[in-house]
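We will go through the sheets, the helices, a pocket and a handful of individual residues.

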Amino acid sequence: MSLTINEIAEAVGALNTVDQWSERAVTSVGFDTRKLTAGSLFVPLIGENDGHRFIEQAIEQGAVAAFWSAPLAEAPADFPVIQVADTLAAMQQLAKYYLKKVAPKVVAITGSNGKTTTKDMTEAVLSARYKVHKTQGNFNNHIGLPYTILEMSEDTEVIILEMGMNHPGEIKVLSDLAEPDIAIITMIGESHIEYLGSRAAIADAKMEITSGLKKDGILIYPGAEPLLQERVQGLSSEQLRTFGQEASNDLYPLQVKTEMKETTFTTNSAPDVQLQIPVLGTYNVNNALAALLAGLATGILIKEAAGSLARFHLTKNRTEWLKGYNNSAILNDAYNANPTAMKLVIENFSRLSNNGQKIVVLGDMLELGEWSAALHESIKEVLSPEAIDQVVLYGEKMQVLATALVEENIFDEHQVHHFTGEKEPMIQYLKDTLRSDDYVLIKSSFGTDLLSVVRMLTV
């Protein structure tokens, strides 16, 4: 980044003059004083703490200017502050300005599950030809998205922005800021149904990604989802691209072979090109199809994308295999969960062959509201004693599933183990149980914190 203080002040409509400092260069933007570097613009956000209190630390870290919404009399002497009514709004406004200045293609991604994996795959596909910048970690909200934009270098050709939400209207704000050229909806599940009320309302919220879509922009979505079929009618057919397992989609797989650490497939668009992704699961093939459609929309043929897709780097804690306790193998997918996603990963895990036991460790799924009990119990539909040897459940909400598995004679009582409260008894049980060649799937919502269990069971 290379912006002058005067340029920033004009971009955000500063309430004061910065003539004395107008040509001073700003090379980065940040709101966490611990991560600021020399040349930074400091954005003091106001949340549980007022960021203005940390201005001295920001200066010590190398900040050369700051947004300022407190009284000017409280600003440090002989240091340039850009007075604004709202520091977060100013950061968003600056991000919008910088995005237009750099003018990369914008790919926006949302969905109830698979956002991050699809983002990583899309980066791999588009990196076959373009210089790409993407959302890091979970910086996918009204703070993280503008920060991601302001982090990109000026030679960025494509920026991939993940868009998260848990309430109506949130994605609209992000889409209007980013004005995507390509928007991707990975799937409609039950995440955040507690706040949204129904899958239909979730679909409405995900469709907000098209609010800022450019007039000639493209929407990529799962064609078999009826809730989206109903909601894309406002876009022209030239703007729509569909993916999925069914032959009615624009892009679909012809042959799929899934193994422990990789999945191979071919597509209708390039049946002679065998594609490989270094992750388990047919559901990840759908994510790859969405990424390939983004590539096709930017001129990248599937053959060109194949090599980089095979080497894509998955963000940590998403369906990653780890070396487990006592030479077991742990499939860590404990970062996020909703019923649809949990069922998909269990189905694919169940198909694996190994010489030891297959054990599933499932934790509470959060933000399901009044549907929580029924949705937790519904996981029984994909749990079979022919494929799974033991079911280990954690959390109060998983009680209904534990009860159903035993009372409906799906599993014997000794195969189902339910824990609540402190995790140590469950961890000790698993350590006492695990043997060489056992496979263990660990899946839950992030707030249930089964990632702490993963840490205790990996070596």
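Two strands count as paired if DSSP finds at least two bridges between them. With that in hand, please keep in mind that this is a predicted model. In it, 6 strands make up an open sheet with parallel pairing, in the order E8-E9-E7-E10-E11-E12. Another open sheet, also of 6 strands, has mixed pairing and the order E16-E17-E21-E18-E19-E20.

**The parallel sheet**

- On average, neighbouring strands here are turned by 15° against each other, direction ignored.
- Strand E11 (residues 218–222) runs parallel to E12, and 4 bridges join the two.
- Helix H5 (residues 144–151) lies across E8 and strand E9 (158–162), and its direction is at about 165° to that of E9.

**The mixed sheet**

- In the sheet with the order E16-E17-E21-E18-E19-E20, strand E16 (320–323) and strand E20 (416–419) stand at the edges; each has a single partner strand, so one side of each is left without a neighbour in the sheet.
- From one strand to the next, the twist averages 20°.
- E16 pairs with strand E17 (residues 329–333) in the antiparallel sense, over 4 bridges.
- Within this pairing, glutamate 320 stands opposite asparagine 332 in E17.
- Two helices lie across strands of this sheet: helix H14 (residues 399–407) lies across strand E18 (358–363), strand E19 (390–394) and E20, and helix H15 (residues 424–433) lies across E18, E19 and E20 as well.
- H14 runs at about 160° to E20, while H15 runs at about 165° to E19.

**Helix H10**

- How many of the 16 residues of H10 are buried? The count is 12, so the helix is largely enclosed by the rest of the structure.
- Among the buried residues are Tyr283, Asn284, Asn287, Leu289, Leu292 and Leu293.
- The length of helix H10 (residues 282–297) agrees with expectation: at 1.5 Å a residue, its 16 residues should span 22 Å, and the end C-alpha atoms are 23 Å apart.
- Glycine 299 follows H10 and has a positive phi, near 90°.

**The largest pocket**

- The volume of the largest pocket is about 940 Å³.
- The pocket is lined by 39 residues, and those closest to its centre are Lys115, Asn140, His192, Tyr335 and Asn336.
- Which helices each supply at least two residues of the lining? They are helix H4 (115–126), helix H6 (170–178), H10 and helix H12 (339–350).

**Non-glycine residues with positive phi**

- Alanine 103 has a phi near 55°, a positive value in a residue other than glycine.
- Alanine 103 sits in the loop between helix H3 (87–102) and strand E7 (105–110), and its relative accessibility of 53% makes it exposed.
- Asparagine 409 is not a glycine either, yet its phi is positive, at about 60°.
- The loop between H14 and E20 holds asparagine 409, which is exposed, with a relative accessible area of 67%.

- Is asparagine 249 buried or exposed? Its relative accessible area is 5%, which makes it buried, and its place is in the loop between E12 and strand E13 (253–258).
- Setting aside neighbours within four places in sequence, asparagine 249 is in contact with Gly223, Ala224, Thr242, Phe243 and Gly244.
- Threonine 4 belongs to strand E1 (residues 3–4) and counts as partly exposed, at 22% relative accessibility.
- Although threonine 4 and alanine 25 are 21 residues apart along the chain, their C-alpha atoms are separated by 4.5 Å.
- Leaving out neighbours within four places in sequence, threonine 4 is in contact with Ser22, Glu23 and Arg24.

Note on methods
Residues numbered from 1 in each chain as written. Predicted model: local features only at pLDDT ≥ 70, side-chain atom pairs only at ≥ 80, totals over all residues. Heavy atoms only, no water. Axes fitted to C-alpha atoms, helices over the stretch in contact; angles between N-to-C directions. Contact = heavy atoms within 4.5 Å. Expected span 1.5 Å × (residues − 1). Buried < 20%, exposed > 50% of the residue type's maximum accessible area, 1.4 Å probe, protein only. 1 Å grid on protein atoms, 1.4 Å probe; cavity = no way out; pocket = protein on both sides within 12 Å on 5 of 7 lines; lining within 4 Å. Points joined across faces, edges and corners; volume = space filled by probe spheres on them.
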